[in-house]
Amino acid sequence: LTVAQNDFDFFYLVQQWPASYCDTKRSCCYPTTGKPAEDFSIHGLWPNRNDGSWPSNCDEGSSFHESEVSDLVKRMQQEWPSLACPSSDGVRFWSHEWEKHGTCSLLNQHQYFQTALDLKDKSNLLQVLKDAGIRPGKFYSLEKIKEAIQEGVGYTPFIECNVDQGGNRQLYQVYLCVDSSASDFIECPTFPHGRCGSEIEFPSFSSLHDEA
Ligand code: 5GP
Ligand code: 5GP
């Protein structure tokens with residue numbers, strides 16, 4: 001008898017800002033299900049260790065089955081869209097996240113995707129930023145953005161930036177930490193590495209991408 005052991009200490013819930021993803025990758029492709037809302041979307045829920053390392057691909061035999069999450073697919077299309085090219089319905093991205101990270105989570109597929117969706121909703125990042133007067137289309141200090149999230153969500157985020165073609169640093173991803181049973185946010189035991197700079201752009205979707 002083998003008992004599953006935690007090979008991780010906590011999760012990162014990683015949310016991406018779609019307009020920045022599009023600037024980062026030079027181009028992006030809107031999902032076959034339509035242009036995503038101007039809102040944060042999920043990148044993944046990633047098991048992580050306190051020393052900064054992480055397990056991955058923990059069960060080569062487990063592939064993603066849409067049938068196991070059929071009641072969640074509508075939400076996943078809205079809140080976990082894939083912006084990679086060519087345009088997709090998200091299944092490749094979800095499969096990748098499940099196989100690489102989800103199989104290490106000790107959650108089943110339904111729990112994994114539902115937990116990530118519920119935590120995203122609970123964090124309510126865009127509203128939290130708006131409540132602090134932070135809106136897409138302008139530059140803000142990194143400190144102000146972190147403080148707004150700390151205040152509104154209750155926990156300190158890690159902010160990852162990208163650099164657009166004009167050399168501006170942009171808010172790309174927000175990391176929040178979640179306890180190992182995936183029940184609630186916690187203060188991060190360890191933060192990823194990387195620096196943003198003090199003033200960063202919170203871009204809005206520009207019309208340039210509308211032909212994508
Ligand atoms: P990148 O090199 O683009 O930052 O990350 C590539 C991939 O490595 C991510 O999509 C994710 O799957 C994984 N990854 C990067 N950083 C971390 C981390 O700090 N923790 C975990 N669990 N995975 C990470
Ligand atoms: P990671 O390995 O970093 O968890 O996930 C990144 C992988 O998912 C890459 O292979 C990337 O091409 C793919 N991918 C598909 N759609 C998206 C998306 O909307 N955002 C990000 N960050 N990666 C995506």
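Read along the sequence, the protein chain runs through its secondary structure in the order β-α-β-α-α-α-α-β-α-β-β-β-β. The model is a predicted one. In total the chain has 6 helices and 7 strands.

The overall dimensions come next. A compact globule of 212 residues would have a radius of gyration near 17 Å, and the protein chain has 17 Å, so the two agree. Along its principal axes the C-alpha trace spans about 55 × 35 × 25 Å. Of the 212 residues, 36% are buried. Among the contacts between residues at least 6 apart in sequence, 74% join residues at least 24 apart.

An α-helix has 3.6 residues a turn, so residues three or four places apart point the same way.

The shell around ligand 2 consists of Gln16, Tyr21, His43, Gly44, Ser82, Leu83, Ala84, Phe93, His96, Glu97 and Lys100. Helix 3 (91-100) and strand 2 (41-48) each contribute at least two residues to this shell. The largest share, 4 residues, comes from helix 3. Sorted by class, the shell around ligand 2 has 4 nonpolar, 5 polar and 2 charged residues.

Ligand 1 is surrounded by Tyr12, Trp46, Asn48, Trp54, Lys100 and Pro192. By class, its shell has 4 nonpolar, 1 polar and 1 charged residues. Ser53 is located in the loop between strand 2 and helix 2 (73-79). Ser53 counts as exposed because it has 11 C-beta neighbours inside 10 Å, and a residue with 12 or fewer is classed as exposed.

The buried residues of helix 4 are Gln109, Tyr112, Phe113, Thr115, Ala116, Leu119, Lys120 and Ser123. They fall within an arc of 160° when seen down the axis of helix 4, so they line one face of the helix. Asp118, Asp121 and Lys122 are exposed on the other side of helix 4. Just after helix 4, Asn124 adopts a positive phi of about 50°.

In helix 6, Ile145, Ala148 and Ile149 are buried. Viewed down the axis of helix 6, its buried residues fall within an arc of 95°, so they line one face of the helix. The cover over these buried residues includes helix 5 (125-131), strand 3 (138-141), strand 4 (158-163) and strand 5. Glu143 and Glu151 are exposed on the face of helix 6 turned away from its buried side. Just after helix 6, Gly154 takes a positive phi of about 100°.

Some backbone geometries in the loops remain to be considered. Most residues other than glycine have a negative phi, and most peptide bonds are trans. Asn57, which is not a glycine, has a positive phi of about 45°. Asn57 is found in the loop between strand 2 and helix 2, and it counts as exposed because it has 11 C-beta neighbours inside 10 Å. Ala182 is likewise not a glycine and has a positive phi of about 60°. Ala182 lies in the loop between strand 5 (169-179) and strand 6 (185-186). Ala182 is buried, because 21 other C-beta atoms lie within 10 Å. Finally, a cis peptide bond joins Cys85 and Pro86, with omega about -5°. Pro86 is in the loop between helix 2 and helix 3.

Note on methods: Residues are numbered from 1 along each chain as its sequence is written. Chains are lettered from A and ligands numbered from 1 in the order in which they are written. This is a predicted model: local features need pLDDT of at least 70, side-chain atom pairs count only at pLDDT 80 or more; totals for chains, interfaces and linings use all residues. A residue is near a molecule or strand if its C-beta atom, placed from the backbone, lies within 6 Å of it. Ala, Val, Leu, Ile, Met, Phe, Trp, Tyr, Cys and Pro count as nonpolar, Asp, Glu, Lys and Arg as charged, and the others, Gly among them, as polar. A residue is buried if 20 or more other C-beta atoms lie within 10 Å of its own, exposed if 12 or fewer, and partly exposed in between; C-beta atoms are placed from the backbone. The arc is that of the directions from the helix axis to the C-beta atoms. The radius of gyration is taken over C-alpha atoms; the globule rule is 2.2 Å times the number of residues to the power 0.38. Two residues are in contact if their C-beta atoms, placed from the backbone, lie within 7 Å.
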